[in-house]
Amino acid sequence: MSNQFLTLTMATKPYRVLCLDGGGIRGLYTATVIQQMAVRVARMSGQNHEDNLDLGSKFDLIVGTSTGSILAVALAAGHPLEEVIRLYREKASLIFQRPMPLQDECFGSKLRTLVWIARNLFSPANESTPLRSALESVLKQETLKQMYKRRNIAICIPTIDAASQKAWVFKTPHGARLTRDNNYQLIDVCMASAAAPVFFPMHAVKSPNPGVSISHLFVDGGLWGNNPILVGLVEALEFVAPGQRIEILSVGTCAGNRAKTLSETDANRGSWQWRGGSDIVALSLEAQASVYPYLARKLVQAMSPRVALYRLIEPPVSGEESKHLALDANDPKSLDVLEMLGQRATDLNMSALTNSSERSTEHEMVLDMFSNLKNLQEEK
């Protein structure tokens, strides 16, 4: 009888997945919107605390790419989002030492872009040391295996093995066959996934496995999985219990209005028009962020009601605000815009989720993901 009860409990408790997009410094937007939503739900439910909330504990699996990997790892490891927001705000100018000039049509902007491209012809725009230092201050030296043993929260972090040119997904040992990545430090996992070409160097990591001395070079996972919904869905399908429902929350980085007015002459772009290749990277990231939610929705519809998916609404963004949404925009104005958009997104999502006339099971699902969160500081 007890075994039957356990099986029933496992089958009725949903397997929850959080998927976090990549987008450079726009991770500040993502961190803000989910942190603020947790605060708002805490207030609605009358909790006596509304800061340092353990949002990661509400998920069985957290998947994040590039900047999303930093958020995913921090949440899974039990670090409050306030800490991550401070990291973005205080360390942005150190992490992005030579940001691409903000774009407009004036001659001065184009000249500054030309200088930027010339300065970065033979090396990436930024060194990786400041990013590593910033991550070390939060994540310390913990490995994937140690974190999973301590928290029992699985993570998947997409990146690319540059030598083989094949996708590599760092995974905690949440399945018996998953042992390859056990000894990789969380810091290296994040840096591997965030190593965007042109902006950062490839991330070199010496294999931590006994008897192996080679180093792997990793490139930003955003080049193939910037929106990691499908990674999360496939992983969940493999590890859920029979009959267990899968619930997925997807959060973007608010790309804004990136559309451009093009003519036939733009078809013959060279490296200058592609801004030294940086626009190619951005194009890849944004195209994936737009199409993967559509593909995921179609798959979820085919698997309903076993699988449910909700992607947080992103706010409307003006043309002026869009100029501040570059991957490496580190100036105070751009950071303010990102945080303001995160708060704007919170208003939109909370309004949609709590509107009694339009409440759905998906809305209830998302609200529950943000409810009854423990205070991380009190637990310590």
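**Entry 1: aromatic pairs**

I searched the whole structure and found six aromatic pairs; rings of Phe, Tyr and Trp (its six-membered ring) pair if their centres lie within 6.5 Å, and planes under 30 degrees apart count as stacked, over 60 as edge-to-face and the rest as tilted. I note that this is a predicted model, in which local features need pLDDT of at least 70, side-chain atom pairs count only at pLDDT 80 or more, and totals for chains, interfaces and linings use all residues. Residues are numbered from 1 along each chain as its sequence is written, and side-chain values use heavy atoms, with hydrogens and water left out.

**Entry 2: the rings around Y184**

I looked up W168 and Y184, an edge-to-face pair with 6.4 Å centre to centre and 85 degrees between the planes. W168 lies in strand β4 (residues 166-171) and Y184 in the loop between β4 and α8 (186-193), so the pair ties together parts that are 16 residues apart in sequence. Helices (H or I, at least four residues) and strands (E, at least two) are DSSP runs, numbered from the N terminus.

Next I took F170 and Y184, which also form an edge-to-face pair, at 5.1 Å centre to centre and 70 degrees between the planes. F170 lies in strand β4 and Y184 in the loop between β4 and α8, so this pair joins parts 14 residues apart in sequence.

I then checked burial, where buried means under 20% relative accessible area, exposed over 50%, and partly exposed in between (1.4 Å probe, protein chains only). W168 and Y184 are both buried. F170 counts as buried because its relative accessibility is 0%, and Y184 has a relative accessible area of 3%.

I list W168, F170, Y184 and F218 as one aromatic cluster. R180 lies over the face of W168, at 3.9 Å from the ring centre; the test asks for NZ of Lys or CZ of Arg within 6 Å of the ring centre and within 35 degrees of the ring normal.

**Entry 3: cavities**

I found four cavities of 30 Å³ or more. On a 1 Å grid over the protein atoms alone, a cavity is a set of points where a 1.4 Å probe fits but cannot get out, and lining residues have an atom within 4 Å of a point. The largest cavity has a volume of about 210 Å³, taken as the space filled by probe spheres set on the points.

Of the 17 residues that line the largest cavity, G24, I25, T67, F96 and F200 are the closest to its centre. α3 (67-77) and α4 (81-95) each supply at least two residues of this lining, and α4 gives the largest share, three residues.

Terms used: 1 Å grid on protein atoms, 1.4 Å probe; cavity = no way out; pocket = protein on both sides within 12 Å on 5 of 7 lines; lining within 4 Å.
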